[in-house]
Amino acid sequence: MFTPKYPPQDTAPAPTTATPTAYSPVPYASVPPVPSSNRPTVQLTPGSTLTLVAGGGALVLVVGAVLVSMLLAVAVTAASVAVCAAVVRSILKSDRR
């Protein structure tokens, strides 16, 4: 799959000129094949696929629980600030009388 693609070898016939030129191109040298990696390939079995799905689901649940708890903390803080503001306003209003 990830093997390199080399250009095809030059198969043109040799030139038949009577006078050699000063520059003669070097034909394509054969490139040795790239050795394969010694790393094992990853093969997904039904058990490993099930483990990945369960791990992904658990991760989604944990992240969701953290986000919901943060939202709940913000909501509780906002409610308590609103109650404090109402109490302070009531106290200041009663002092003016």
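Helices (H or I, at least four residues) and strands (E, at least two) are DSSP runs, numbered from the N terminus.

**View 1. Overview of the predicted chain.** This is a predicted model, in which local features need pLDDT of at least 70, side-chain atom pairs count only at pLDDT 80 or more, and totals for chains, interfaces and linings use all residues. Residues are numbered from 1 along each chain as its sequence is written, and side-chain values use heavy atoms, with hydrogens and water left out. The chain holds 1 helix and 0 strands. Of its 97 residues, 0% are buried (under 20% relative accessible area; exposed is over 50%, partly exposed in between; 1.4 Å probe, protein chains only).

**View 2. Leu67 in helix 1.** Helix 1 spans residues 46-95 and includes Leu67. Leu67 has a relative accessible area of 53% and is therefore exposed. Together with Leu59, Val62, Val63, Val66 and Met70, Leu67 makes a nonpolar surface patch of about 570 Å². A salt bridge is a side-chain nitrogen of Lys or Arg within 4 Å of a carboxyl oxygen of Asp or Glu.

**View 3. Thr3 in the segment before helix 1.** Thr3 counts as exposed because its relative accessibility is 52%. Thr3 and Pro33 are 30 residues apart along the chain, and their C-alpha atoms are separated by 9.0 Å.

Terms used
Patches are made of residues with over 30% relative accessible area and no salt bridge: like charges are joined within 9 Å, nonpolar side chains (Val, Leu, Ile, Met, Phe, Trp, Tyr) within 5 Å. Accessible areas come from the Shrake-Rupley method with a 1.4 Å probe; for residues, only the protein chains shown count as cover.
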